[in-house]
Amino acid sequence: MAPKITLYTAHHCPFAHRAQIALRELELEFETVIVDITIPRTPEYLAINPRGLVPALVYNGQVLTESALITKFLVDSHHPTHLLKSSSELDGARQRYDSEFFVETYFNKVHVFFDKAVYSKTAEETAAAANQYVDAIVKEVEALLEDAEPYFGGSKRLTLVEVQTGSFLLRVLALPNHEQILPRFLLESLQTKAPNFWKWASAVVAEKSVTCVWDEDDVVKRTIARINR
């Protein structure tokens, strides 16, 4: 019997977006409830997630929160799947290790500089942080993508790595096209200095499951408004 799934989300939130990608890649039917995270949460939503954050997933009556954990739960609940092997499958434990290592490395050692670039106060600080981001890509993840074909670990289809990074990669490749947010040289530097990353990220953001709720104009508008606060 198919599970009953309700996703509480905000389409402009990259963390909530992760759950959308996972659900679509797993071809699961689900109901979507949009939560306005720009205003105080309703008592009804706080009863579901007292922290008021998105996403929240109700799966057969069980409430799950935290986007990375939600995506792992969905994958583990619907094996076999192309997204990630189980630990009991051949090379499954190693694939799970490699996937988690990449995701943790990217967010802990690399993406922090992208966020710093977006929200720096001066053009000089923005440019410096953008260069730090490119340097971190080269140092920390470029070699980990040598066998991407086009996806992580040589996969021909999206993996859990892309599920957890895809919504953020959309911003990496889109926001430098808007000079009010980031300098365009960031894209040029990625192409020349980190070709493995560039090829991989470009493939990820072309996938329908990744772009399913992506609205660049809305994200740009919200990002500029946050910068100008």
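This is a predicted model: local features need pLDDT of at least 70, side-chain atom pairs count only at pLDDT 80 or more; totals for chains, interfaces and linings use all residues.
View 1. Together with Tyr97 and Phe101, Leu144 makes up a nonpolar surface patch, and the three share about 290 Å² of accessible area.

**View 2. Where the two domains meet.** Look along the boundary and you will find 18 residues of domain 1 in contact with 19 residues of domain 2. Between them the domains bury about 1,700 Å², with 60% of that on carbon and sulfur atoms. Two salt bridges are counted between domain 1 and domain 2.

**View 3. A salt bridge up close.** Here the side chains of Arg96 and Asp76 pair up, with 3.0 Å from N to O.

**View 4. Two cis peptide bonds.** Most peptide bonds are trans, which makes these worth a look. The bond from His79 to Pro80 is cis, with omega near 0°, and Pro80 lies in the loop between α3 (67-77) and α4 (92-118). Glu149 and Pro150 are also joined by a cis bond, with omega about -5°; Pro150 belongs to the loop between α5 and α6.

**View 5. Two residues with positive phi.** Most residues other than glycine have a negative phi. Glu27 has a phi of about 55° and is placed in the loop between α1 (14-25) and β2 (31-34). Glu27 counts as exposed because its relative accessibility is 69%. Asp91, in the loop between α3 and α4, has a phi near 65°. Asp91 is exposed as well, at 52% relative accessibility.

How values were computed: Residues are numbered from 1 along each chain as its sequence is written. Side-chain values use heavy atoms; hydrogens and water are left out. Patches are made of residues with over 30% relative accessible area and no salt bridge: like charges are joined within 9 Å, nonpolar side chains (Val, Leu, Ile, Met, Phe, Trp, Tyr) within 5 Å. Accessible areas come from the Shrake-Rupley method with a 1.4 Å probe; for residues, only the protein chains shown count as cover. A salt bridge is a side-chain nitrogen of Lys or Arg within 4 Å of a carboxyl oxygen of Asp or Glu. Contact means heavy atoms within 4.5 Å. Buried area is the accessible area (1.4 Å probe) that two parts lose on being put together, summed over both. Helices (H or I, at least four residues) and strands (E, at least two) are DSSP runs, numbered from the N terminus. Buried means under 20% relative accessible area, exposed over 50%, partly exposed in between (1.4 Å probe, protein chains only).
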